[in-house]
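Thanks for coming, everyone. Please take a moment with the sequence and the model before I start.

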Amino acid sequence: MISLSSWLKRHPLEDGQEIRVDELGRSESDSLHVVQIRTKEEPHAYDRNDLVAILKRGEGTLFLGSRKMRLVPGSIVYIPKGITHSFINKSPRPAVALVVFSPPLGAAEPEPPTPVPSAGNIQGGPILDLTQELVEGIPLFPGGVPFRKEAVARFEKEGYLAYRLELGEHTGTHLDAPAHFWAGGQAAHEISPEQMIGPGICVSIVKKVEKDPDAVLDVKDLMEWEKSNGSIPAGAHLLIQTGWSSRWPDEKAYRNSDPKGKMHFPGISPQGARLLVDRRAVAVGIDTLSIDPGASTQFEAHRILSRANIVILENLNNLDRLPAKGFTLVAAPLKIRGGSGGPARVLAIFSREEEQR
Ligand SMILES: [Zn+2]
């Protein structure tokens with residue numbers, strides 16, 4: 001008996017190809033369904049099993065939790081149980097999908113079902129890297145662990161190149177897991193793929209920060225954003241553009257400490273953080289050392305967001321190149337067991353559909 005995901009890895013599905021149930025080495029005939037979707041499917045969720053759906057015919061948009069994906073024939077999607085999903089078919093003929101309830105297929109294997117990679121899930125638009133480079137001397141929050149790398153193998157001697165690294169979980173562009181400020185919150189290894197990918201939003205407070213380095217993103221800024229762009233969608237990955245990344249990698253300018261050692265850089269207010277909890281944001285990111293302003297001593301925004309299971313992204317780059325909305329944010333931290341966060345590669349992906357706006 002093999003799992004569907006490992007079977008599909010070895011047998012990429014071609015358009016028009018049928019999967020014979022016995023090829024998958026299983027017997028329960030009720031586990032494979034053929035679903036016809038004429039135009040619009042009502043939002044629903046299966047609570048019993050995870051699903052793998054393969055679109056055989058038709059074309060359209062799948063809404064999966066807070067995510068939106070374009071599906072074309074051959075697209076394969078993994079739908080975790082309990083996640084609300086619906087599909088809008090935009091082709092003239094009814095769409096046909098094969099839906100496989102995965103647990104009986106993988107039951108003999110200990111590995112949990114993993115998302116099946118598919119080029120059909122994210123259509124290739126331009127991709128913008130929002131990550132700072134890890135290099136010696138980059139700015140740190142006081143008490144942070146400096147980045148160091150040391151060669152353990154060189155071409156001249158060993159014939160290949162490799163380094164050992166030293167850095168903190170919160171060095172460079174990184175993700176704060178809820179466990180960072182909430183005992184019992186999700187740790188780095190528990191961050192789910194659904195929390196790492198979502199609809200991106202960018203709110204600029206650059207003008208306020210130019211006048212006052214202690215400026216914060218407040219309720220008023222979010223309301224103004226909503227007035228011009230519509231309400232912040234549930235599941236949003238909201239980024240705060242402050243203009244501060246222009247000071248990177250000058251630690252003195254980036255920390256901006258006064259003679260007494262108090263730092264002065266922008267952040268988000270506790271009220272702003274609470275509004276994002278109400279709007280059911282999934283991630284909140286910023287282009288400074290901390291989501292709380294530099295002068296904060298209580299780290300209220302960290303506490304409010306962590307308590308609501310919202311992940312935080314810090315030391316982001318290139319936010320000045322983002323539109324107010326219309327991109328997918330990807331932020332994947334290292335999978336450190338029990339970690340309070342981890343260095344992350346953060347990307348903004350513009351889908352073809354979004355590009356056309
Ligand atoms: Zn952090």
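**A walk through the model**

Asn309 is partly exposed, because 15 other C-beta atoms lie within 10 Å. The cut-offs are these: a residue is buried if 20 or more other C-beta atoms lie within 10 Å of its own, exposed if 12 or fewer, and partly exposed in between, with C-beta atoms placed from the backbone.

Now some ground rules. This is a predicted model, where local features need pLDDT of at least 70 and side-chain atom pairs count only at pLDDT 80 or more, while totals for chains, interfaces and linings use all residues. Residues are numbered from 1 along each chain as its sequence is written.

Back to Asn309. Where does Asn309 sit? Its place is in the loop between H8 and strand E17 (311-314). Helices (H or I, at least four residues) and strands (E, at least two) are DSSP runs, numbered from the N terminus. The phi of Asn309 is positive, near 65 degrees, and this residue is not a glycine.

Asn318 comes next. Asn318 is not a glycine, yet has a positive phi of about 65 degrees. Asn318 is in the loop between E17 and strand E18 (325-333). It counts as partly exposed, because it has 16 C-beta neighbours inside 10 Å.

**The overall picture**

How many helices and strands are there? The protein has nine helices and 19 strands. It has 357 residues, and 39% of them count as buried. Now take contacts between residues at least 6 apart in sequence: 76% of them join residues at least 24 apart. Two residues are in contact if their C-beta atoms, placed from the backbone, lie within 7 Å.

**Strands**

Let's look at strand E2, residues 51-57. Six of its seven residues are buried, so E2 is largely enclosed by the rest of the structure. E2 runs antiparallel to strand E5 (residues 76-79), and four bridges join them. Two strands pair if DSSP finds at least two bridges between them. Leu51 has Ile79 of E5 as its bridge partner.

Next, an open sheet. It has three strands, in the order E4-E3-E6, with antiparallel pairing. Which strands are at the edges? They are strand E4 (67-71) and strand E6 (85-89), and each pairs on one side only. On average, neighbouring strands of this sheet are turned by 20 degrees against each other, direction ignored. Axes here are lines fitted to C-alpha atoms, for helices over the stretch in contact, and angles run from 0 to 180 degrees between N-to-C directions. Strand E3 (residues 60-64) and E6 are joined by five bridges and run antiparallel. Gly60 has Asn89 of E6 as its bridge partner.

On to helix H5, residues 219-229. Asp221, Leu222 and Trp225 are buried there. They cover an arc of only 95 degrees around the axis, which puts them on the same side of H5. That arc is the one of the directions from the helix axis to the C-beta atoms. As a reminder, an α-helix has 3.6 residues a turn, so residues three or four places apart point the same way.

After H5 comes Gly230, with a positive phi near 90 degrees.

Strand E13 holds Leu217. Leu217 is buried, because 31 other C-beta atoms lie within 10 Å. Leaving out residues up to four places away in sequence, Leu217 touches Val203, Ile205, Ile240, Ile268, Ser269 and Gly272. Leu217 and Thr242 are 25 residues apart along the chain, and their C-alpha atoms are separated by 9.0 Å.

**Two packed helices**

H7 packs against helix H8 (residues 300-307) at an angle of about 10 degrees, with the axes 9 Å apart. H7 and H8 are therefore roughly parallel to each other. Under 35 degrees counts as roughly parallel, over 145 as roughly antiparallel, 65 to 115 as roughly perpendicular and the rest as oblique. H7 brings Pro270, Ala273, Arg274 and Val277 to the contact, and H8 brings Glu300, Ala301, Ile304 and Leu305.

**One last stop**

Finally, a peptide bond. Trp248 and Pro249 are joined by a cis peptide bond, with omega about 0 degrees. Pro249 lies in the loop between strand E14 (237-241) and helix H6 (251-255). That's my tour.
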